[in-house]
Amino acid sequence: MFKAMNSRKLLSDTRRTFPATKVHCQQPSRILIVDVTSPSWTNTCSVLSEALENTLCLACSLTGPCRVPLLSLYVVQNQQECLLPFTQVKENFARIQACISELRLLPREGSFPQGGCGVVQAVQDGLQQFKQYSRHTTAGGSTNSSVEITILTSQSSKEMVKQLEKKLKDVDLVSLRRIQVIEVLKRDFLEPEDVEQCMPAEETSNNDIAILGMDIDVQTIEDNVISLEMLFKTWLHDYGTEREHLHLLLPSGGFSHATAPKTTLMCLKCDLQERLLDPALLSGTADGTVRAADLNSPCQMAAWPATVLYKLRVVKALKSEGVCESVLYGLPFIIKPTSCWQLDWDELEINQHSFHALCHSLLKRKWMLLAKREPQNASPNWNIVVHSYYIIVPSDSATLLVKAVAIRELLLPSTFPALLAEHPERVHGPIESALNSLEVEVAYNPLHLKSNLYKYLKSVLYKPLHRQQAQPRDQRPERHQPKQHQSRAKATVAPLLMAPSPVQAFRPAAARRDSCERSLLPKEYDEFLQ
């Protein structure tokens, strides 16, 4: 669904300045800038609001460290306006929902002229707010130190990048990890190759423009709920690059399998990425209890939060057709070559090429790998080491899939009676008729199935804002700010483990621009084969 528009990639220098902090601090804060001067804002408004609300209800419901710690939302009309100053996402869904409701009520197409530098001004104002927030929270003991900016626009992304390049060259970008410029287009305006990609990918090849010592990621996306939702869901991935997540240990080449020393190993350094959210991590979806990954258990692994370095030693190769699905269990996880910034460039490059070679060879041989998890550092509590095993499955992409596989102690006896060769016509006919009536799809697409989970989570999270009700802006008290910050901020006051597997109404424009308000700082400003 995304179309790469540029080919140059450069790792941001600011990524190399991250301090060695706790995992949850590695998640960047988010600034979302929405350009509402688009001719197609009528349609984009509703789908954007729904997609954003869906993603944030997930972020608020997931147990553990918040994957989107802070969010700020700007809209660009005649000029920029901050609808939501930096707000802690968890425990503030009602406030976020009120902000999204206001977003839905913005004027439709034709209300504002295109052009101007409103987006760039919003970027500058957002960075200034984050700087103020960081100064405040650092004094309070918080160490969140980076921010990512996502710009949604229907203007030419190339022109947008030119504006950013020109206007940001003298701005302090130390805390800025990345800018995403997302060009949102109607289906009719997409190139043919984009239209064919009807299923949006969670991870796309990001081709960035490298300027100003940081990354500008340029993408094109279709303006529908699913595409925008999958874009926002990338925020839920682990963005920590402080260390790799997994070491995949293979026998070193150059020896026969009988004579090779068991200590001679090749190590591929990898990152783990969730393929699915664990439903057990969504509060309110179980029986009142919340399950979390027990990182001390030898049979459990988790890609989130990535606090432990796992080691999987490959012990055997398996023919792909020889693995029964019934012995695989737990959530699947994706293995990718690491992007840990602490490795030097040569090591990163060799590691990536080795990983790609492994994927290619496994596909060619039609093999899977059987791997045993190496124990963590020995401790007095573990006199007996319990080993867990995993199947590693190749794909036609530069990734591997890993799932836990059953071991002797867990396997239960099962009887599989032989299938009869012939059946009475009185039963065979009705079965055939029933099957013939079914719609047949070539492949399973999970995006076609809905479970009402979003509605359920929103109902659980819903908490009315009692202290301040929505009211026309011209009836609200003015909050002035210094003239140099030409923005407005409106604060509505009030307030899945690797289970055993690593796998209000709109206010008139005249009332909106009568004065500039100060962006309030809310209280909570606190990764063998031959």
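Biologist: Is Ile431 buried or exposed?
Modeller: This is a predicted model, where local features need pLDDT of at least 70, side-chain atom pairs count only at pLDDT 80 or more, and totals for chains, interfaces and linings use all residues. Residues are numbered from 1 along each chain as its sequence is written, and side-chain values use heavy atoms, with hydrogens and water left out. Buried means under 20% relative accessible area, exposed over 50%, and partly exposed in between (1.4 Å probe, protein chains only). Ile431 has a relative accessible area of 53%, so Ile431 is exposed.

Biologist: Which helix holds Ile431?
Modeller: Helices (H or I, at least four residues) and strands (E, at least two) are DSSP runs, numbered from the N terminus. The chain has 11 helices and 14 strands. Ile431 falls within residues 425-436, which form helix H9.

Biologist: What share of the 530 residues is buried?
Modeller: The cut-off is again under 20% relative accessible area. Among the buried residues is Cys45, at 1% relative accessibility. Over the 530 residues of the chain, the buried share is 47%.

Biologist: How many disulfides are there?
Modeller: A disulfide is a pair of cysteine sulfur atoms within 2.5 Å. By this rule, the count is 0.

Biologist: How far is the nearest cysteine sulfur from that of Cys99?
Modeller: Cys99 is buried, with a relative accessible area of 5%. Cys99 is in no disulfide. The nearest cysteine sulfur belongs to Cys82, at 8.0 Å.
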